[in-house]
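Please work through each solution step by step with the structure in view.

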Amino acid sequence: MIDYLTVVYKNYDLLDLQLDNFKNKFSEVDYRLIVVDNTPDNEKKPIERKKEINLIVELESYPTFDGISHGNAINTGLQYCESKTICLFDTDFFFLKDGKKIHNYIDEKFSLGYKAVGTELNDGDGTNPVVNRFIDNFRDIPCCFGSFYNLELAQSCSWVISPEELNVNINTGFIEVGWRIRKKILEDKIKTMYWKTDSTKYGDCFFRNENEEVMGFHYVGGSHRRWSANSYEEIKNIINMEY
C-alpha cells in the first residue's frame with residue numbers, strides 16, 4: 001500500500017483525468033489517494049467523484065506566491081500520509097506503466113536502500129539554466145513532479161520556499177519547492193535516484209528509468225498557462241496508450 005498525494009489548484013479537469021488513470025492502471029487495494037484542494041476559496045468547485053478518492057483535504061486558500069502555496073499544501077497533505085513509502089505527484093504528471101509493475105519497481109529500489117526515486121527537476125526548459133549551473137547538487141535527486149519518498153524523509157523538512165528564500169538561494173541553486181529535502185539528501189548522503197527526460201522544450205516531458213522504460217509524463221503547466229481547449233483530449237490520448 002502506497003499513499004499517493006497530489007494538490008489540486010483550480011484545474012479540476014486534471015483530477016478527473018488522474019482518477020481515470022488510476023482506475024485503469026492501479027488496483028484499489030494497492031494505494032490510498034489523498035487530494036489536497038488548494039484552489040483559492042472563491043474559485044473552489046465541488047469534487048464530483050469523491051467516492052474514488054480516499055481523502056480530500058480542503059485548504060483555506062488565496063492567491064499568493066506559488067512556493068508558499070504549493071509547499072504548504074504538500075506539508076498539510078503529508079500529515080495525513082500513513083504508508084512507509086509515499087508518492088508526491090503534480091496533477092499534470094501521469095504514471096504510464098501498470099501500477100503493479102510500478103510498485104514492484106519501487107519496492108525493489110527501497111529494499112536496496114533508496115529513500116527517494118522519481119522524476120528529475122526538469123520541465124524541458126525553465127529549470128535547465130539553474131540545474132545545469134549546479135548539476136552536481138541535482139544529480140540523482142528526484143523532485144515532487146512525480147516521485148516516491150520514504151515517509152520519514154518527506155516529513156523531515158518543510159516543502160515551502162518563500163520569495164525571500166528564493167532571492168537568497170538563487171546563488172546556490174536551492175530554488176524549488178522541496179529544496180530543503182534536496183539539501184538534506186545532499187548533506188546526509190541519502191541514497192536516491194531519478195528518472196530522466198530528454199525533453200528540451202517547455203511541454204510534454206516523458207520520464208524514463210535507468211532501463212529506458214517510460215514511467216510517466218509531465219504535461220507541464222497544466223494548472224495554468226499551458227491548459228487549452230485541446231489539453232484534455234491530448235492528455236487522454238497519451239495516458240490511454242501502451243508503454
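**Exercise 1.** Determine which helix gives the largest share of the lining of the largest cavity, and describe that lining by class.

Solution. The model examined here is predicted.
Step 1. Helix α7 (residues 179-187) contributes three residues, the largest share of this lining.
Step 2. The lining comprises 14 residues; those nearest the centre of the cavity are Pro 142, Cys 143, Glu 176, Gly 178 and Arg 182.
Step 3. Sorted by class, the lining holds 11 nonpolar, one polar and two charged residues.

**Exercise 2.** State which strand gives the most to the lining of the second largest cavity.

Solution. Step 1. The second largest cavity has a volume of about 50 Å³.
Step 1. Its lining includes Leu 5, Thr 6, Val 7, His 70 and Asp 90.
Step 2. At least two lining residues come from each of β1, α2 and β4 (85-89).
Step 3. With three residues, β1 gives the most.

**Exercise 3.** Describe the size and lining of the largest pocket.

Solution. Step 1. The volume of the largest pocket is about 960 Å³.
Step 1. Its lining consists of 34 residues, and Asp 66, His 70, Asp 90, Phe 145 and His 224 lie nearest the centre.
Step 2. Four of the lining residues belong to α2, which is the largest share.
Step 3. The classes are 15 nonpolar, 13 polar and six charged residues.

**Exercise 4.** Explain why the aromatic pair of Tyr 4 and Phe 148 is edge-to-face, and state whether each residue is buried or exposed.

Solution. Step 1. There are 21 aromatic pairs in the structure.
Step 1. The ring centres of Tyr 4 and Phe 148 are 5.8 Å apart and their planes stand at 85 degrees, so the pair is edge-to-face; the cut-off for this class is over 60 degrees.
Step 2. The pair links distant parts of the chain, since Tyr 4 lies in strand β1 and Phe 148 in strand β7 (residues 146-150), 144 residues apart.
Step 3. Tyr 4 has a relative accessible area of 0% and is therefore buried; Phe 148 also has 0% and is buried, the cut-off being under 20%.

**Exercise 5.** Identify the rings over which the charged ends of Lys 183 and Lys 191 sit.

Solution. Step 1. The charged end of Lys 183 sits over the ring of Phe 174, 5.8 Å from the ring centre.
Step 1. For Lys 191, the ring is that of Tyr 114, with the charged end 4.5 Å from its centre.

Note on methods: Residues are numbered from 1 along each chain as its sequence is written. This is a predicted model: local features need pLDDT of at least 70, side-chain atom pairs count only at pLDDT 80 or more; totals for chains, interfaces and linings use all residues. Side-chain values use heavy atoms; hydrogens and water are left out. On a 1 Å grid over the protein atoms alone, a cavity is a set of points where a 1.4 Å probe fits but cannot get out, and a pocket is an open set with protein on both sides within 12 Å along at least five of seven lines; lining residues have an atom within 4 Å of a point. Grid points are joined across faces, edges and corners, and a volume is the space filled by probe spheres set on the points. Ala, Val, Leu, Ile, Met, Phe, Trp, Tyr, Cys and Pro count as nonpolar, Asp, Glu, Lys and Arg as charged, and the others, Gly among them, as polar. Rings of Phe, Tyr and Trp (its six-membered ring) pair if their centres lie within 6.5 Å; planes under 30 degrees apart count as stacked, over 60 as edge-to-face and the rest as tilted. Buried means under 20% relative accessible area, exposed over 50%, partly exposed in between (1.4 Å probe, protein chains only). A charge sits over a ring if NZ of Lys or CZ of Arg is within 6 Å of the ring centre and within 35 degrees of the ring normal.
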